[in-house]
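Here are a few friendly notes to go with the model. Please keep the sequence and the structure open side by side as you go through the points.

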Amino acid sequence: SKDDAFLTIDVSKRNVYEQEGILVTFKLYVRKDIGGIDQPKFPEFTGFLAQEVELPQNKQLVMENYKGKNYGTAIIKQTVLYPQRSGKITIPSGKLDIVLRVPGPARQRSSVFDDFFGSSSYIDVKKELTTPPVTIDVKPLPSGKPASFSGAVGNFTMTSSISSNNVKTDDAVTVKVKISGNGNIKLVKNPEVAFPNDFRRDHTSDQLHADFDGKENEELEALN
C-alpha cells in the first residue's frame with residue numbers, strides 16, 4: 001500500500017525575506033524490508049542559492065512513530081536555501097525509486113519441513129516515491145538599508161578576543177572576531193578592526209573561515 005513507503009519534504013519556513021535561510025529536508029519513511037534504492041532525483045532549486053548539508057554516506061534507519069504507525073526513517077537530503085529574488089518561488093518535486101520486499105502468495109506445502117522453515121515467499125516491488133511541490137513566499141528586503149549592507153540576512157552575534165593582554169614592544173598579538181548565527185553568513189564582509197596608531201597591522205595574517213553545522217547555524221572567524 002502507499003503507507004508502506006513514502007518520501008516527505010519539510011521546509012523550516014514558507015514566508016521569508018530575500019537571502020533568509022530555509023532548511024529543506026527530504027526524509028524517507030518505510031515499513032517493509034528494502035531490496036534496493038536508486039539514485040534520488042532532487043530539484044535544481046532554481047531561484048535559490050543552495051548549500052548542501054553533509055550527511056553520513058551509510059544511512060541507518062531510525063525507528064519513528066508517524067500517525068500511529070512505526071516506520072524506519074532516514075534523512076535522504078538536507079539543503080539550506082537562500083532565495084535570490086522576491087515573489088513566489090516553487091521547489092519542484094523530488095523523486096526516489098525504491099524496491100520493497102513484500103510477502104508473496106503462499107507456496108504449496110510440499111514437505112513436513114515447510115512447517116518449520118515456512119512456506120511464504122517474498123517478491124520485490126518497485127515503487128516511485130515523490131514529494132509535492134512547495135511554494136515559498138519571498139518578501140523583498142525593507143527599504144532604507146545602509147550603504148555597507150552586503151546582503152546577509154539573519155540573526156547574528158559578534159564577539160572578539162585577543163591572544164594576550166600583556167605584551168612587550170614588538171610582540172605580536174592576534175585579534176579574533178567571531179560572528180555566529182543563522183543566515184547566509186558567507187555574505188558578511190570581513191570585519192574591520194580599528195587599531196590604535198601605535199599598532200602596526202600585519203595584513204598578511206588576515207584569514208576568513210566559515211563553518212556550517214546543518215542546523216542553519218554558521219560561524220565566521222576573522223583573524224587580524
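1. Two strands pair if DSSP finds at least two bridges between them; strands are DSSP runs (E, at least two residues) numbered from the N terminus. On those terms, strand 9 (residues 95–103) and strand 10 run antiparallel and are joined by nine bridges. Within strand 10, Ile123 is the bridge partner of Val102.

2. A word on the basis: this is a predicted model, in which local features need pLDDT of at least 70 and side-chain atom pairs count only at pLDDT 80 or more, while totals for chains, interfaces and linings use all residues. Residues are numbered from 1 along each chain as its sequence is written, and side-chain values use heavy atoms, with hydrogens and water left out.

3. Back to that pair of strands: an open, antiparallel sheet of three strands has the order 4-9-10. Strand 4 and strand 10 (122–130) are at the edges with a single partner strand each, so one side of each has no neighbour in the sheet. From one strand to the next, the twist averages 30° (axes are lines fitted to C-alpha atoms, and angles run from 0 to 180 degrees between N-to-C directions).

4. Strand 2 and strand 11 (residues 134–139) are parallel, over three bridges, and Tyr17 has Lys139 as its bridge partner in strand 11.

5. Two residues deserve a look at their backbone. Gln19, in the loop between strand 2 and strand 3 (22–30), has a positive phi near 70° without being a glycine. Lys67, in the loop between strand 6 (62–66) and strand 7, is not a glycine either, and its phi is positive at about 50°.

6. Are these two residues buried or exposed? Gln19 is buried, at 13% relative accessible area, whereas Lys67 is exposed, at 73% (buried means under 20%, exposed over 50%, partly exposed in between, with a 1.4 Å probe and protein chains only).

7. Finally, the second largest pocket has a volume of about 230 Å³ (a pocket is an open set of points on a 1 Å grid, with protein on both sides within 12 Å along at least five of seven lines; lining residues have an atom within 4 Å of a point; the volume is the space filled by probe spheres set on the points). Its lining has 13 residues, with Ile37, Pro40, Lys59, Ile76 and Leu96 nearest the centre.

Key
1 Å grid on protein atoms, 1.4 Å probe; cavity = no way out; pocket = protein on both sides within 12 Å on 5 of 7 lines; lining within 4 Å. Helix = DSSP H or I, 4+ residues; strand = E, 2+ residues; numbered from the N terminus.
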